Amino acid sequence: MTAKQPIPQEPARRISGKDWKLAKTATRRTQMPNALKQTYAERMAKTKQLNIARDLAKSMTQEKIDDKRRKREITEERKKIQEEKERIASLAAKMSANKLKRLKKKAGNLKGR
């Protein structure tokens with residue numbers, strides 16, 4: 001029995017014979033240098049600041065919208081009150097005209113007697 005000699009392991013991919021070609025390596029998922037990379041805590045702090053600014057802007061725009069709506073409601077209420085006053089005034093004028101007619105008629109009847 002002869003001892004088996006170990007077979008030399010060949011690389012899984014073939015090797016290019018061209019010296020100027022670089023050997024392929026595993027893909028680097030990020031192209032950012034280490035100096036620019038941020039820690040999780042830094043990213044979360046930045047996100048927190050952005051959220052605060054966003055909430056502030058949202059509340060300011062909501063205040064503007066509420067103020068506009070409140071002013072519109074006030075003007076609509078004033079308009080309703082003014083229309084009601086005009087309606088009452090027209091009814092009063094109509095009623096006083098009818099009353100005047102009745103009084104004139106009554107006065108005419110009294111003259112004849």
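Analyst: Here are the folds, surfaces and charge pairs, in question order.

User: What kind of model is this?
Analyst: This is a predicted model, where local features need pLDDT of at least 70, side-chain atom pairs count only at pLDDT 80 or more, and totals for chains, interfaces and linings use all residues. Residues are numbered from 1 along each chain as its sequence is written, and side-chain values use heavy atoms, with hydrogens and water left out.

User: What share of the residues is buried?
Analyst: Of the 113 residues in the protein chain, 0% are buried. Buried means under 20% relative accessible area, exposed over 50%, and partly exposed in between (1.4 Å probe, protein chains only).

User: Switching to charges. How many salt bridges?
Analyst: The count comes to four, a salt bridge being a side-chain nitrogen of Lys or Arg within 4 Å of a carboxyl oxygen of Asp or Glu.

User: Which residue does Asp66 pair with?
Analyst: Asp66 forms a salt bridge with Arg69, and their closest N and O atoms are 2.6 Å apart. Both lie in helix α1, three residues apart, about one turn of the helix. Asp66 is partly exposed at 30% relative accessible area, and Arg69 is partly exposed at 39%.

User: What about Arg87?
Analyst: Arg87 bridges to Glu84, with the closest N and O atoms 2.6 Å apart. Arg87 and Glu84 are three residues apart in helix α1, so about one helical turn separates them.

User: Which residues are linked in a network of salt bridges?
Analyst: Asp67, Arg70 and Lys71. Within it, Lys71 and Asp67 meet at 3.8 Å, N to O, and they sit four residues apart in helix α1, about one turn of the helix. Asp67 is partly exposed, at 28% relative accessibility.

User: Where is the positive charge gathered on the surface?
Analyst: In a patch of Arg13, Arg14, Lys18, Lys21 and Lys24. Patches are made of residues with over 30% relative accessible area and no salt bridge, joining like charges within 9 Å and nonpolar side chains (Val, Leu, Ile, Met, Phe, Trp, Tyr) within 5 Å.

User: Is Lys24 buried or exposed?
Analyst: Exposed, because its relative accessible area is 70%. Lys24 is found in the segment before α1.

Methods. Accessible areas come from the Shrake-Rupley method with a 1.4 Å probe; for residues, only the protein chains shown count as cover. Lys and Arg count as positive and Asp and Glu as negative; His and the chain ends are not counted. The place of a charge is taken as NZ of Lys, CZ of Arg, CG of Asp or CD of Glu. Helices (H or I, at least four residues) and strands (E, at least two) are DSSP runs, numbered from the N terminus.
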